Each structure stands twice: as C-alpha cells, then as structure tokens.
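User: I have a model open and want to know what stands behind some of the terms used for it. Please set each value against its definition.

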Amino acid sequence: MDNDLSNYRKSYEKHELLESNVPENPMELFKTWFHEADALFAGETNAMTISTIGLDGYPKSRVVLLKKYTYEGFIFYTNYESEKGKAIAANPNVCLSFFWQAAERQIIIKGKAEKIAENLSDGYFESRPRGSQLGALVSNQSQVVESKDVLEQQLRKLEKDYEGKEIPRPKNWGGYIIKPVEMEFWQGRPNRLHDRIRYTLQNDYNWLINRLSP
C-alpha cells in the first residue's frame, strides 16, 4: 500500500495572533477561542485529545469531551479504572489538545491531572441521561469483553434492576481536572509562518508569554 498525501495542502489565512492582543491569563484566550470556534463549527467543539503515558511506557491519545473549564483548569469524566485512569494514577502529567479546523486554530495544553471532589462527580453523574448512567455501570472500560451481546444483556438486567429507582454513581467513575502548566496557542498563517504563542506558568498567578518559531 502506497498512498501519497504530499499534495494535501491548505493555505491558512483567516486570523493572526499577536502578542499585543493576547490577555495575561491564557484561560481568557481559551474562552474567546472556544466561543469563536463554537460559532463556526457544527460538531462538538468541546472534543479534546488527551495523551497519557501508559503503564507499558507508550504514549496514548484518545478523544474525550471537555465538560467544564475554569481559571483552575479543564474537567472531564471517565472510568478511573480505565486504561487512561490507570495511566494517570501512575503518571499525572498529561497533554490536552484542541484542533478547530474551521478557525484554523489549535491549542496544546500540558498539565497535571487530579481527581475532583466526589460531590462534584456525584452532581455531574446525576445530570446525565439515564442511559448514560447505566452505561457507566455496565462498562468495565478498556477491559476485554466476551461479546457485544454480553454487554447488552448486562444492560437489560440493570434496566430492570433499577426500574423506578435512582442510579448511584459508580465509585470507579468520576471527574479529573487538568491544571495547566503550559498552554500553546497556534494560529494558522500563510506560507506556513504560523503564529505560536506559548504561556508558561511561573507561579500560581503569573504566566510568561513567548512567541515560538513556526
């Protein structure tokens, strides 16, 4: 198999990113870019790639959904005993990335993952659709399963068991917050002279801002 993709090219010309126009806190710029991308994109703007270092020593990336962001960081939910959960437990240093093609923008975030408070995970779990709640109960995420039929049978059993009842949050399911230590904003530009502005955390409040060569 030989598929040559060398002619896949696009000129990026929609925006530019200048040091004179960026805020002191990168979360402010993230908020602006997120809302601008959301206005352009019909899909899930909150889809982000999270990369972890697995127990086998290999990096692994997968797409998850951002559910909340604050000045403190980025929150998503998963099974704590999944492959990514075990990887985070062993090494909390992770990387997030967003790519919004319609805006010709990318954000890369290095940070440390921490479990959020249980009451916050409880509150989000209660807000989920009932089918999603049952799905979290039935799935031993990342584990080998005998067949799809086995999962569907287990789901039907849980539907009967919890008919008319409140569904409890599994203790092995909940949220993480990624607290950033570095955020890089990439804006596509003509002639591959892309704008790259990097924020590096100096202490709890101050960020060092640098331009990187494309």
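User: At what angle do helix α4 and helix α5 pack, and how far apart are their axes?

Analyst: This is a predicted model, in which local features need pLDDT of at least 70, side-chain atom pairs count only at pLDDT 80 or more, and totals for chains, interfaces and linings use all residues. Residues are numbered from 1 along each chain as its sequence is written, and side-chain values use heavy atoms, with hydrogens and water left out. Helix α4 (residues 130-138) and helix α5 (residues 148-161) pack at about 120°, with their axes 10 Å apart.

User: Why is α4 called oblique to α5?

Analyst: Angles under 35 degrees count as roughly parallel, over 145 as roughly antiparallel, 65 to 115 as roughly perpendicular and the rest as oblique. The angle is about 120°, so α4 is oblique to α5.

User: Which residues make the contact?

Analyst: With contact meaning heavy atoms within 4.5 Å, L134, L137 and V138 of α4 meet L151, Q154, L155, L158 and E159 of α5.

User: What makes S82 count as buried?

Analyst: Buried means under 20% relative accessible area (1.4 Å probe, protein chains only), exposed over 50%, and partly exposed in between. S82 has 0%, so S82 is buried. Its place is in the loop between β4 (74-79) and α2 (83-90).

User: Which backbone oxygen does the side chain of S82 reach?

Analyst: The side chain of S82 reaches the backbone oxygen of N79 at 2.7 Å.

User: What does the side chain of R189 reach, and where is R189 found?

Analyst: R189 is in the loop between β7 (173-187) and β8 (195-201), and the R189 side chain reaches the backbone oxygen of H15 at 2.8 Å.

How values were computed:
Axes fitted to C-alpha atoms, helices over the stretch in contact; angles between N-to-C directions. Helix = DSSP H or I, 4+ residues; strand = E, 2+ residues; numbered from the N terminus. Polar contact = N/O pair within 3.5 Å; in protein donor to acceptor, adjacent residues only side chain to side chain.
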